[in-house]
Amino acid sequence: MSSGPKYLRYLVFAAVGLALFFFISRSAIPMPENIGTKLNNYKDTFTSSSSPSTDSSTSTSANEEAAVINKPTNEAPGSAGASGDRVNATFVTLARNGDVWDIAKSIRQVEDRFNRNYHYDWVFLNDKEFDETFKKVTTSLVSGTTHYGIIPNEHWSYPEWIDQDKAKKARETMEEKHIIYGGSESYRHMCRYESGFFFRHPLMLNYEYYWRVEPSIELYCDVSFDPFRFMKENNKKYSFVLSLYEYYETIPSLWDSVKKFMGNHPEHIAEGNSMDFLSDDGGKTYNKCHFWSNFEIGSLEWLRSKEYIDYFETLDHDGGFFYERWGDAPVHSIAAGILLPKEDLHFFNEIAYYHIPFTHCPTSEQMRLDLKCSCNPGDNFDWKGYSCTSRFFDINNMEKPPGYENQS
């Protein structure tokens, strides 16, 4: 039959047509040239530099692709509600190599709930060199640029005016009384460093605002706005999410040092300050209220101001960081309370937060739903008897959210 060659030609045409279709379809799919790099590499380039004046060493890790900033395209209403470029700010964490997996959890929380849309930098500080595991793990998790710095020895040691034998006896006495961290020497160095030096580290001098993050924290809600931008646009200097009373046995003479500072530097005391948050009798005594500083967002320029430096140096020379166990939380809180007008402080109700053992969970059910919160409102510490947040609302004439009575 003569139809054989005709069918053969049809089969050849069909085969050619299918080949052309596959080629065109394949070409229409964009395949990144560096797909192998994207899949197999993490940000593993570390460059180091040291500052002769401070004997500190720093390292920055990021490749060119990791340094690209993707600006958010929209924001839900919140404390800010304004879109725009990032402000000059960073996260900051004081950690050791052994904290790597606990801080990894914290980074994942911050990135998932907020920073994946903003790519802010992250500064890690340690009194020892960070090892490669810490750098690789944290760099792979942070969407912004990571920086690693060594704390200068003079900021993590005894100043010359401290009697180390007296300090040792104080630790032994507090340990016998079972006061938390009472016997710890390193804890005291940490509190002093967070109180007076972290904001002066060479890496931190590059920024205007900071957000402190500690290992093993949780963020329970989406952060649908930029807290850094809110702080800047509203001239806020210090912010918090949890407040409580300090353990008096750790700070018996702290207020005496504060009163000495106020007497020596009346020019530094702000008008319209938050003294009523700190004292029930106009400043004669301290009621022990403080903002819990394991979460804080603040102005680095304020901490580097003459007012704050004079305040810190007064406290530092009185020796309470070592002879007692002064924490950075009351030190920061008292400074904010007396050196700043009330309007410069802010409570971030929208940022739901957990640090063992306390939780801030927004009281408003609608807010929790809007921000996709996973916290149990029954765990909210804000209105409990040991919290000072209610006092903060009262002195600022702020209306408490409906239903707060049910959480007290």
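This is a predicted model: local features need pLDDT of at least 70, side-chain atom pairs count only at pLDDT 80 or more; totals for chains, interfaces and linings use all residues.
Biologist: Why is Glu296 called buried?

Modeller: Buried means under 20% relative accessible area. Glu296 has 0%, so it counts as buried.

Biologist: Where does Glu296 sit, and what about the rest of its strand?

Modeller: Glu296 is in strand β11, residues 296-299. Glu296 and Gly298 point one way from β11, while Ile297 and Ser299 point the other way. All of these are buried.

Biologist: What makes you say β11 is paired with β6 and with β8?

Modeller: Two strands pair if there are at least two bridges between them. Strand β6 (residues 209-212) is joined to β11 by 4 bridges, so that pair passes. Strand β8 (residues 238-240) has 2 bridges to β11, so that pair passes as well. The β6 pairing is antiparallel, and β8 pairs with β11 in the antiparallel sense too. If you want landmarks, Tyr209 has Ser299 as its bridge partner in β11, and Tyr238 has Gly298.

Biologist: Tyr238 again! How do you know that the side chains of Glu296 and Tyr238 make a polar contact?

Modeller: By distance. The cut-off for a pair of N or O atoms is 3.5 Å, and the polar contact joining these two side chains is 2.4 Å, so it falls within the limit. Leaving aside neighbours within four places in sequence, Glu296 is also in contact with other residues, including Tyr210, Trp211, Arg212, Ser239 and His332.

Biologist: Now the cysteines. How do you know that Cys221 and Cys373 form a disulfide?

Modeller: The sulfur atoms have to be within 2.5 Å. Those of Cys221 and Cys373 are 1.8 Å apart, so the pair qualifies. Cys221 is in the loop between β7 and α7, and Cys373 is in the loop between α14 and α15. They are 152 residues apart, so the pair links distant parts of the chain. Both cysteines are buried.

Biologist: Why is the disulfide of Cys221 and Cys373 called right-handed?

Modeller: Because the torsion about its S-S bond is about 115 degrees. The link of Cys289 and Cys388 is left-handed, with -85 degrees about the S-S bond. There, Cys289 lies in strand β10 and Cys388 in the loop between α14 and α15, so the pair ties together parts that are 99 residues apart in sequence. The S to S distance is 2.1 Å.

Biologist: What makes Cys361 and Cys375 a disulfide, and how far apart are they in sequence?

Modeller: Their sulfur atoms are 2.1 Å apart, so they come within the 2.5 Å limit. Cys361 lies in the loop between β14 and α14 and Cys375 in the loop between α14 and α15, so the pair ties together parts that are 14 residues apart in sequence. With 75 degrees about the S-S bond, the link of Cys361 and Cys375 is right-handed.

Biologist: Why does Cys375 count as buried?

Modeller: Cys375 has a relative accessible area of 9%, and the limit is 20%, so it's buried.

Biologist: Last one: what makes β7 an edge strand?

Modeller: β7 pairs on one side only, and so does β14, the other edge strand. The open sheet has 3 strands in the order β7-β13-β14, with antiparallel pairing. β7 is joined to β13 by 2 bridges, and Glu218 stands opposite Tyr354 in β13.

Definitions and conventions. Residues are numbered from 1 along each chain as its sequence is written. Side-chain values use heavy atoms; hydrogens and water are left out. Buried means under 20% relative accessible area, exposed over 50%, partly exposed in between (1.4 Å probe, protein chains only). Contact means heavy atoms within 4.5 Å. A polar contact is a pair of N or O atoms within 3.5 Å; within protein, one must be able to donate a hydrogen and the other to accept it, and residues adjacent in sequence count only if both atoms are side-chain atoms.
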